[in-house]
Amino acid sequence: MKIILFSDVHANLPALRAFFADAERHSADAIYCLGDLVGYNIWPNEVIEAVRSRRISTIAGNYDFGIGRHSDDCGCAYKTDEERANGAISISLTNELINDDNRTYLRTLPAHIRLDFQLNDETLSLLLVHGSPRRINEYLFEDRSENSLLRILKGADADILCFGHTHQPFHRILNSGDDNRPHFRHAINIGSVGKPKDRDNRGTYAILEFSESSSVLDSNSVTVTFVKFDYDVETAARAVEESRLPDAYAENLRNGY
Amino acid sequence: MATDQLYFSPEHTWIRLEGDSATVGISSFAQDELGEIVYVELPRVGETFQRDEVFGSLESLKTISDLFMPLAGEVTGVNQQLADEPTLVNEQPFTVGWLIKFRPDKPEGLHELLTAEAYNRLTKDQEN
């Protein structure tokens, strides 16, 4: 079973188009989107329509959640006054641009998707969330303590947890069992298609693969591949600069941070 | 509650002593810095800690922050409400958002901590 997962497109249509073209070559069995279709660029409607027309199963990101509800709060945990001021422009522009039909679509997106696989004698439970299982806007970074990350996975009953939101991809394998009977769980941040923050301005998505013998007893039986793809960053950055969005967001695209 | 009945540690916990029982929470400054708290990790009743030892942690949307024991002692109570409502720490850090109760080994150590006034000066300096 080969599953493609992508997230955090953030209204970046050139990046999304390049993602679709790149994803084609993998012959995946399924594709899921982990939310944040909108925000920070000028193409919220086009991005939504591209995802909807392909019938891609999608969950709500925090930005989608806010825009879907006509909110002026995207739940983005900005730290400085400048970040907050920039963020306010982005959400205001997104609210202006988005049409009613697409807003309703965002409003009706599910929060999580859970897939339970019965491969052998045990269930392998795959949970797809945007931020974390407990909050749509909780940031799960790679350096989170093992104690905390295991607690989150066990609490959500997830053997494989996939999430986005931070725009910084990683894959960690944790053991909630012991040496006699291990229980390997996977925490997978799938990165961002349209607004990377890992200092690489290419988009990122992830391919999750497992076989009929995949199990929680074998940490290698579930594999994750991160794919980086080039896209026309300049077109996306210039679109930001020519709109009323802050130029800082254009620099973020050029720098990948 | 009037904060002038409280003592503060530089690690942003407050402590209120009543007889031989002390209650501990985090300051308004600390909860504001942390942002929305998502999970509170607390010790079990009966556990003992040295002064400045980590007795638990607070997980917010963006970070995890350790909690440091203001005085050495044995934990006699933990705020069970925080399991379901961790944001009580943000909303009412000095009252229903309390974290633990404990019996200090040396209650007189309280006077080595900061008064509310001294703590407020410290946090103003940190902000600047």
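Arg16(B) is buried, at a relative accessible area of 16% (buried means under 20% relative accessible area, exposed over 50%, and partly exposed in between, with a 1.4 Å probe and protein chains only). Its salt-bridge partner is Glu18(B), with the closest N and O atoms 3.4 Å apart (a salt bridge is a side-chain nitrogen of Lys or Arg within 4 Å of a carboxyl oxygen of Asp or Glu). Glu18(B) counts as partly exposed, at 49% relative accessibility.

The model is predicted: local features need pLDDT of at least 70 and side-chain atom pairs count only at pLDDT 80 or more, while totals for chains, interfaces and linings use all residues. Residues are numbered from 1 along each chain as its sequence is written, chains are lettered from A and ligands numbered from 1 in the order in which they are written, and side-chain values use heavy atoms, with hydrogens and water left out.

Over all chains, the structure holds 22 salt bridges. One of them joins Arg151(A) to Glu59(B), with the closest N and O atoms 2.7 Å apart. This pair crosses between chains, from helix 6 (residues 146-155) of chain A to strand 6 of chain B (helices, H or I with at least four residues, and strands, E with at least two, are DSSP runs numbered from the N terminus). Glu59(B) also forms a salt bridge with Arg144(A), where the closest N and O atoms are 3.0 Å apart. The relative accessible area of Glu59(B) is 1%, so this residue is buried. A network of salt bridges links Glu59(B) with Arg134(A), Glu138(A), Arg144(A), Arg151(A) and Glu41(B).

Within chain A, Asp159(A) and Arg185(A) form a salt bridge with the closest N and O atoms 3.8 Å apart. The two residues lie 26 residues apart, Asp159(A) in the loop between helix 6 and strand 6 (160-163) and Arg185(A) in strand 8 (residues 184-189) of chain A. Both partners count as buried: Asp159(A) has 5% relative accessibility, and Arg185(A) has 7%.

The contact between the chains takes 13 residues from chain A and 12 residues from chain B (contact means heavy atoms within 4.5 Å). About 1,100 Å² is buried between chain B and chain A, and carbon and sulfur atoms give 47% of this area (buried area is the accessible area, with a 1.4 Å probe, that two parts lose on being put together, summed over both). On the side of chain B, Val38(B), Leu61(B) and Lys62(B) lose the most area to chain A, together 52% of what that side buries. Across this interface, 5 salt bridges are found.

The largest nonpolar core has 46 residues, and Phe6(A), Leu16(A), Phe19(A), Leu37(A), Leu106(A) and Tyr205(A) have the most contacts inside it (a nonpolar core is a set of buried Ala, Val, Leu, Ile, Met, Phe, Trp, Tyr and Cys residues joined through side-chain atoms within 4.5 Å). Helix 1 (residues 13-23) of chain A gives the most to this core, with 7 residues. Apart from this core lies another of 24 residues, among them Met69(B), Leu82(B), Leu88(B) and Ile100(B).

In helix 5 (residues 100-107) of chain A, the buried residues are Asn102(A), Arg103(A), Tyr105(A) and Leu106(A). They lie on the same side of helix 5 of chain A because they cover an arc of only 155° around the axis (the arc is that of the directions from the helix axis to the C-beta atoms).
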